[in-house]
Amino acid sequence: MPAQQPLSPSLSPSPTPSPAPVTVLGLGLMGSALAAALLKAGHPTTVWNRTAAKTGPLAAQGAQPADTATEAITASPLTIVCLTTNDSVRSLLEPEADALKGRTLVNLTNGTPSQARELAAWAEAHGITYFDGGIMAVPQMIATPGAYIFYSGSDEAAFATHRPTLAALADIKWAGTDPGLAALYDLALLTGMYGMAAGVAQAFALTGSEGIPARELAPLLTDWIVAMTHGVVPGTAEALDTDRHLTDVSNLAMNREALPNFTDTFAEQGLRAGLFESLQELLDRAVEQGYGADGFSRLVTLLKKD
Ligand code: NDP
């Protein structure tokens, strides 16, 4: 008589896998937040930091401090690194190639797409599975709703293995198998943020030049930027993807004529023109090239170097 068949997987109670061990290298503000989130999710977490004293608060939360990076790396199949720059990542990890061999490295250090591709090539040459990441959160937002991290790397199947661990940090946005793409998306979003921050600084400087308290402008500016963003961002994307830049809303020729009102006022109020100088140059070029009837989406195409 054949042995009793096991129950079908859908009927058997599937055992909950225990949280996988993980190592975190770099316990600055961000690395500490990442390690704390992993500990909170129940992952056995080994931590290492160049300045050893920073392991203290995490050890108090249950982390295992390691004396050396090698010891930390060999404690887990997955190592997350978060240092100041990718130069520091290279100088720390190049001597650790043997320890990392056959393991997975997730690099959440902010960097460029080409740095990510170079690190991925180095990792591949040493038998290390590599993923690059871009964190869209400040440390206080880690493991809270709204925080997410872009990831990219060539081995999407291996990424699936580590998803449950990485999900403890923030929502996951898979950017693609080109390892440079997480950094590219990260920098694109931060580019929008820096542009906004430069505009916000200029606006506060302008009202401040007449002694208006910043808190009076703040709610007006917030509502205005949010309303404009909802129109401008999707509208620009639609124009770019369809290559239709003509506008019946706000054309470049009109904006070019209006811009001196800003730059003249900044000068009169004793302020630098900041980012408006490069905007003026871009608008001049657009109109000179015959794009005066187009909308702001046309400026995107003019940012390409000849
Ligand atoms: P911190 O300055 O708080 O920490 C930097 C970390 O890098 C420390 O652990 C430091 O070690 C380590 N480090 C620097 N150089 C070396 C080196 N040569 N060898 C070994 N370790 C080194 O920075 P954050 O934690 O805030 O940022 C880390 C990364 O996260 C950056 O790339 C940042 O851009 C990114 N990020 C940060 C965000 C934030 O809001 N903080 C948001 C999104 C991304 P030691 O303690 O010994 O100095």
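A polar contact is a pair of N or O atoms within 3.5 Å; within protein, one must be able to donate a hydrogen and the other to accept it, and residues adjacent in sequence count only if both atoms are side-chain atoms. In this predicted model, local features need pLDDT of at least 70 and side-chain atom pairs count only at pLDDT 80 or more, while totals for chains, interfaces and linings use all residues. Residues are numbered from 1 along each chain as its sequence is written, and side-chain values use heavy atoms, without hydrogens and water.

| Residue | Protein atom | Distance |
|---|---|---|
| Lys54 | side-chain N or O | 2.6 Å |
| Leu29 | backbone N or O | 2.9 Å |
| Leu27 | polar backbone atom | 3.2 Å |

The protein buries 75% of the 900 Å² that the ligand exposes when taken alone (Shrake-Rupley method, 1.4 Å probe).

Around the ligand stand 20 residues (a heavy atom within 4 Å), of which Met30, Asn49, Thr51, Lys54 and Asn110 are the closest. By class, this shell holds nine nonpolar, nine polar (Gly among them as a type) and two charged residues (Asp, Glu, Lys or Arg).

The chain itself is assigned domain 1 (16–185) and domain 2 (214–301), with bounds from an automatic or database assignment. Their centres, taken over C-alpha atoms, are 39 Å apart.
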